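Hi everyone, thanks for making time this morning. Let me put the structure up, and then we'll walk through it together.

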Amino acid sequence: MKKIILLFTILFIVTCEKEDGDSYSKDLIGNWEGVMRNYSYHIISTVSQTVNNPYKSGTGSIVLQGAEEAILQYMYLYSVNGVLQISIAQFPFGLTVEETHYVLYIYDYGDFGTPSQLTKYYSDVGELYEGELDFTINGYEITVTSGALYHTFLNDSVSITGTLAPAQSNVTAGTDVELGSLDWTFDTYEVNFNIKDDNSFDQTIVTIDTETLERSGTWEATSDEITFHYPTSSDKYSYNISGSNLELTQNKDLCISNPDECLPQYELMYGMEGGSLENVVMKETTFFNK
């Protein structure tokens, strides 16, 4: 009799473990409306060093005046094959922006000139200003002393002046370091999930340029992860539910497909020692209300 009771107890424990492994929060079921997305960028370096951080505002500013007016405070710069490239933006690099914004690119080809381009982004359209600027470089700091860029089609120009140095962050070898955390609040963008109790779902996305995308499929979940299966692909998220709030989080290795070419590009952006970047990951969390 004792052996029978012991066997029954073991079977009961195994069964419970399986059920726990397959369980999920019933609060997942419902209609969820996306309200905001957070992007955080993480790197691991093989050596301790100071890196340029394009996700935080730098010291100083570059000012646009004339046909376009804005203050640019985010930047990175690097030199490769004898060409200096400087990228300066109104908002953090890597952040999706719904409102009108500007990105300035300055190139120094030595004896072959120093062309510059200013791109104005709005909705899904871009306008371009081109020309040359007078500038000096001191370490990682740029000073634009004078100059104007001209619209490629209209009789408009933008004067550009100012001094800006990139933000910098200290990185410890072998440690996961978050360089920046950026929030994007949805205004004209929409992403909604209808998660149904029959393990099917509908997803609706309205893009910044008002294009509507509708997708559907099946889902499965555990106590902390949910996977959405589309006809030709699947997306897995960790999730957290608090009352009527849902968070879906993905960790995206930005160089997983081609690290030999991708990692050196990020090393240039961050001003890192060559070969020192092990990985760069973007953690993307979308916040929903029921």
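Let's start with N31, which is exposed, at a relative accessible area of 51%; exposed means over 50%, buried under 20%, and partly exposed in between, using a 1.4 Å probe and protein chains only. A quick word on the source: this is a predicted model, where local features need pLDDT of at least 70, side-chain atom pairs count only at pLDDT 80 or more, and totals for chains, interfaces and linings use all residues. Residues are numbered from 1 along each chain as its sequence is written, and side-chain values use heavy atoms, leaving out hydrogens and water.

N31 sits in strand 1, residues 30-45; strands here are DSSP runs of E with at least two residues, helices are runs of H or I with at least four, and both are numbered from the N terminus. What does N31 contact, leaving aside neighbours within four places in sequence? F193, N194, N289 and K290, with contact meaning heavy atoms within 4.5 Å.

Among the 48 residues of the largest nonpolar core, F193, I226, F228, L248 and Y270 touch the most other members. Such a core is a set of buried Ala, Val, Leu, Ile, Met, Phe, Trp, Tyr and Cys residues joined through side-chain atoms within 4.5 Å. Helix 2, residues 259-270, gives the most to this core, with five residues. There is also a second, separate core of 22 residues, including M75, I88, L104 and V158.

Last stop, the sheet. Strand 6 (residues 83-89) and strand 7 (residues 101-108) pair antiparallel over six bridges; pairing takes at least two DSSP bridges. Within that pair, Q85 stands opposite Y107. Thanks, all!
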